[in-house]
Amino acid sequence: MARSRIQLDTTTATSLLLVFLFVYVQSTAADSADTATPLLLSAFVLPLTLSTPNSSRTLFHLHRHLQRSESYSNATASMRLYDGLIRIGYYTAMIWIGTPAQEFAVIIDTGSFLTFVPCSTCKKCGVHQHPKFQPNQSSTYQSLKCSKDCTCDSEMKHCVYEKHYSDMSFSSGVLGEDIVSFGDQIELKAQRTVFGCENAEGGPIYRLPADGIMGLGRGYPSIVDQLVERGVITNSFSLCYGGMGVGGGAMFLGGIYPPAGMLFTHSDPARSPYYNTDLKEIHVAGKRLPLNPWVFDQDFGTILDSGATCAYLPGAAFEAFKDAILKEVNSFPLIEGPNSAYVDICFAGVGSDISQLSKKFPAVDLVFSNGNKLSLSPENYLFKHFSAPGAYCLGIYQNEHDETTLLGGIIVRNTLVTYDREHTKIGFWKTNCSEIWEKFHLPNSSAAEPSASIRENSTEEIMPTLTPSGPLFYTVPAEVIVGFITFDMRLSTIPPGVNLTEVTASVAHGLDVDTSQVHLLNITSKDGHFVLAWAIYPARPSNYISNAAAKKIIGGIVEHRVSLPPVFGNYQVLGWRIGPPAEREWWEKYHFEVSMTMLLTVFLGLIFFGMHFGWRDGWRSLVSYISDSRHANPETELHPLRNWQGTVD
């Protein structure tokens, strides 16, 4: 019995120890998951040839990329876009290739997969913005050797490429690999990237100022696919093209937190290798065009192509759209277009004030299968006449190549477009793209890199300068550990006797955090207004907020997602700050060691007491047995016993 009791006590203690270790491991895993970061842009017309690449290879790479991006991606490259859609015909971004770096301006193109620039060996290349790439001047350049995975040259030594575009442009050369940097406004480090080293070009791109093209299409060796495969960005990117007469904009390689009001449509990678949408209807002035939805699903369906200047509709859809516009706009005389090579529909006498266009031309809506509606203002389907002041022309044409619906850059001017490849959807959000850097957390290049003190995990706070509308996006540098987030909220009134607990709950709900994380620091009165200082702390037991969660929280703050009770009226966010983790007490730092020591003490104590009581009970049993033997019952003692051989004594 003593041995059984010891075993029971030991088993109980061991079970308690295992339960404790299980709970601790689970809490540690939860902390790790909480801190993981997910999920924080002249050929007047340049539509690209819609030729399907090797589908098996493309799907293989796509599947592999989607798998890897869930665990490894965390950076976002924020790049400025230059030039203008109609004046130049495209938007460009700056990239740097090689060691030392050589600068190039590349056209942003979601309709192709290869990035290329002219090389010094090119004898049939035009004169562009920058000198040709000098492979022999880069210590990190390597040409891709011939293999079964590429097209080889005649000598079977190098991988080569040849690309043809529907405007009769072409480019050919060899494939190489080098260090590519994506600019100053980034948290993404330079990466080894496969690109085309151009040896020949022809057609319109021969005369373009831009050096080359950056392919962002869905398929290898797209820049996005390569970065996702390396695990350095999430499987997503975004473009924001500036408006009519403004130009500029931004590109984000990697995920950004979608702003409130962004509408999404499904994009099926199995439908085509291009970024397709499920467009079903077009409305002009609120009236649906009399079209069968299948008209937008022919050939490659409806695709977004940032390399195309304008939009192209199938014959039936274009005729219906043109007739609806002409019916709504009948007070302006029609004139000849600026380019005799195109059959343009142009309106004279409209006036030069772009802000008045919406009063003279109808709204156009693109309706998707899920019911979401992308509203187009006149700048999304008109362009300025080059030679007739005050005249505008339709930027939507009939697709004379096939029945594909192609939505070029004009459709998404002043629209943030997020290509969420991870979740097979595309998002649209109307905004002023020329001001995106003022709305962004890092408004200028000098703010792109955190200071040395912050990089070294200093306790110094980050205090961004807010525009009146606040930053709609921002990037928390990966080096910064977010301990808490504070922000100030200005109210015009606080009713007497109001329950501030209800306000705290509203803040928590709007920022999608637990109520225990929200703390009201103080309330001050100034110039007839009340200022409430709030702090958002990590969810326990974590000591810091993950960068992904911080992006989401600040997005909710600056976009006014907090809805206060009606008695408070409207409020204004005055600013927000990011602070470092608080210094923990010694017992918090070493809670595991302390807990293990206490548990071990209890464990040893249970064993000691178990042994003690077991020994005591065993000794008493032995004494009792000896005593009973001396006073044994004779009948019991004389009872015959059976020995091992089964004989009787």
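These are my notebook entries on a predicted model of a protein chain.

**Overall look.** I then looked up the secondary structure and found twelve helices and 32 strands.

**Confidence.** The mean pLDDT is 77, and 73% of the residues reach 70 or more.

**Disulfides.** I got a count of six. A disulfide is a covalent bond between the sulfur atoms of two cysteines. I looked up three of them.

- Cys119 is joined to Cys197, with the sulfurs 1.6 Å apart. The torsion about this S-S bond is about -125 degrees, so I wrote down "left-handed". Cys119 sits in a loop between strands S4 and S5 and Cys197 in strand S9, so the bond ties together parts 78 residues apart in sequence.
- Cys240 pairs with Cys433 at 2.0 Å. This pair links distant parts of the chain, 193 residues apart, and both cysteines are buried.
- Cys346 bonds to Cys393. Here the torsion is about 100 degrees, so this disulfide is right-handed.

**Rings.** I found 18 aromatic pairs in the structure. Phe104, Phe133, Tyr141 and Phe195 are linked into a cluster by ring pairs. I also spotted the charged end of Lys425 over the ring of Phe264, 4.3 Å from its centre.

Technical notes. Residues numbered from 1 in each chain as written. Predicted model: local features only at pLDDT ≥ 70, side-chain atom pairs only at ≥ 80, totals over all residues. Heavy atoms only, no water. Phe/Tyr/Trp six-rings, centres within 6.5 Å; stacked < 30°, edge-to-face > 60°. Lys NZ or Arg CZ within 6 Å of the ring centre and 35° of its normal. Helix = DSSP H or I, 4+ residues; strand = E, 2+ residues; numbered from the N terminus. pLDDT = per-residue confidence, 0-100. Disulfide = S-S within 2.5 Å. Buried < 20%, exposed > 50% of the residue type's maximum accessible area, 1.4 Å probe, protein only.
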